[in-house]
Amino acid sequence: MSTVPTRTSRRLGDLPIALTFLLPALLAAVLLRLWPTAKAVWDSLRSTALGVEPTHWVGVEQYRTLLDDPAFLNSLKITLLFGIIVNPLQIAVALALAVLFNERIRGAGLMRTLVFLPVAIPQSVSAVIWAVAFRPDGPLNGVLARLGIAPQGFLTSPGQALASIIVVVSWIGVGYWMMFLIAGLKEIDPTLYEAASLDGAGRWARFRGITLPQLRRQLAFVLVADTISNLLVFAPVQILTGGGPNGRTDLIMNNVFERAYVRADAGAAAAGTVIVAVIALAIVLVQFRLLSKGSD
Amino acid sequence: MHQNRTFALTAAAILSLAAAGCGDGGDDSGQDAGGNTTLTFVNAQDPGTFDKVIAAFEKANPTIKIKQQAVPFDDLNSTVQSRLGAKDADIDLYDVDEPRLAAFASRGFLEPLDDLRGQAEGKIDPNALKITSYDGKQYAMPRWTSTQLLYFNKDLLAKAKVAAPSSDPAQPITWEQVTADGKKAQDAGAKYGLIFDQVDRYYQLQPLAESLGGGPGLSGADLLQPDVTNAGWTRAFTWYHDIFQSGVAPRGINPEQTPGLFATGGTAFFAGGPWNAAAFDKEKSVDYGVAPFPRFAPGKPATSTDSWSTGISPFSDSKDAAKKFLSYMTIDAAGATATTSNNIPVQKEAFQTYLKNLGAKGERYQQIADIIEQSLGATAVSRPITTGFVDFESVMNKAFADIRNGTDATTRLTQAGQELDRDLAKYRTK
């Protein structure tokens, strides 16, 4: 009998090895992604466990109650407002800085590092630092006083708290997203710019005609990733305002966290999580659709 | 080739196991082969708090070992709740924040301890036993209690030519006077007039409304009806709003930062607990005096109280051993003294020992001891014992923060009342 394996058995022979090597990744995906998602959906349809008695089925009633709760609706509204402002702002600033630091100007490397630096600081640490800066008797108001401007409430003022949170998350976010865009800029073929210059295209025309279309893939990634990460902002809110004043910074993740870990209302928290996941999915789908339009 | 494949399979299998996070801590509870029992005690105290009492207990009971599991305060309730919800037998004893006892007891997370109550009668302060019972049953054994007092900066008041408040425990100064004197001190150079230790926590602010007859903020048979818009509450929190509005008290400060503002010498008055004194002693920049916790002029004195108790899990395998330890820690005079640490014990003999030791530390500490004795006996108001306390407290703490930051008190308390009406509904139907 020949010992040379046939083609099929050789193929099958590799399969167990391939599968075993894939197993850690598959296990991780199931344990860390699929199982929690399924559990959140299941929990969201059942009552909150009040002790040792088993929970019972409440179905969509959970969602109805949640969407009827003015506090939850307020947090959806605040999250929407936050998203509408923070995402375009961060991407525009990151893009402007990326284009600026990509130019051959003196000190661009150093500036780039300085803008990127906050990324290396954990969000919670930077929130603590900003808490001191924003204190009514803190350094920011000290600077304003020097300039003859009246002291501001910042985090304690319902009108300024959300804007203050936007400053904190952008301080970190802008540098991070900028690095992706700079990487994209480096990949653009310089001859395209040369050709455009020869054709008499100005700075603005080159930016619109070459930089933006060539950067589309990186911009698409940054847009989607930034939107999702801003939808999930939590630590700065929890540390700086706890959702206040008057619920004006109660972003959705803070609201869900409080339901789960302060009030121990697991059912409502799971329903909130499912709603966040659905919103995130919807945003990603719409953005991909928009970005794939007009592409080659 | 074959060997390579075997190696690859083994490597991949090991990786998978590692990724799946296998491994278990092993068996912790119950008896081992030698007849020894190990009890697991979950608490949120500073390391070392129970070292003395555990050492003394283990010496007297060589077959019982106590293993501590310390969790951060903020995580204690959720940890206990999730583990007991899964009927985890690994927890034998755990610390119960007294206002949360009703919620735990009603959910079946606490073993009734009526036999221990019998032993405790006459030995433990009856108020402390009352606050740890629910529905007529004893569910945890009270360990410590707490109170509040007023600290003042002698130099700042002298500079403003303001008379220092009396340290006579029966003669509390009024909040109106504290506000006026604080303002004068600010005019004479103090940075702030008055700071509360726990600026937006119900524990410290409840007595403001209680002083004006506003009650705890909950009414009805099960204390599940919000009552935070009555005249007492409105008046108390309008005053609270105004001290921040006028700049007597500072906005935007966390509870963690408040003692520091008094300790560094820039603040005229500080409302806090006896535990703050140790930190102030370390700072040479502040010469301070103590007075009883203030009251409102038209009202009566009222002070915060209560602290930690310890309960036994109904799922524990070693309830008898756990009861033995709990009894030693709370009912036995020597045990309760060893458990005192920096807190006020509720065991009567241990309490007297505590006051004596405190008074021996000097004149100012003797005044603190007198204030503690008077306030615990005459003016203490407990937090409401109700299954809805956690929701109530979290709604109120947010309201206090908003009022401090400038929201009108009447409007915000009305809103809090509506939120509570909604949130407490789920307990009313149960």
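The model is predicted, so to speak: local features need pLDDT of at least 70, side-chain atom pairs count only at pLDDT 80 or more, and totals for chains, interfaces and linings use all residues. Residues are numbered from 1 along each chain as its sequence is written, while chains are lettered from A and ligands numbered from 1 in the order in which they are written.

Let's start with the sheet in chain B. Five strands make an open, mixed sheet, ordered β2-β1-β3-β14-β6; strands are DSSP runs of E with at least two residues, helices runs of H or I with at least four, numbered from the N terminus, and two strands pair if DSSP finds at least two bridges between them. β2 (64–70) and β6 (141–142) of chain B each have a single partner strand, so one side of each lacks a neighbour in the sheet. Strand β1 (residues 37–43) of chain B runs parallel to β2(B), joined by seven bridges; T38(B), for one, has K65(B) as its bridge partner in β2(B).

F325(B) touches L39(B), F57(B), I64(B), I66(B) and L93(B), leaving aside residues up to four places away in sequence; contact means C-beta atoms, placed from the backbone, within 7 Å.F325(B) and L194(B) touch the most other members of the largest nonpolar core, of 150 residues: buried Ala, Val, Leu, Ile, Met, Phe, Trp, Tyr and Cys joined through C-beta atoms within 7 Å, buried meaning 20 or more other C-beta atoms within 10 Å (exposed 12 or fewer, partly exposed in between).

Key
Two residues are in contact if their C-beta atoms, placed from the backbone, lie within 7 Å.
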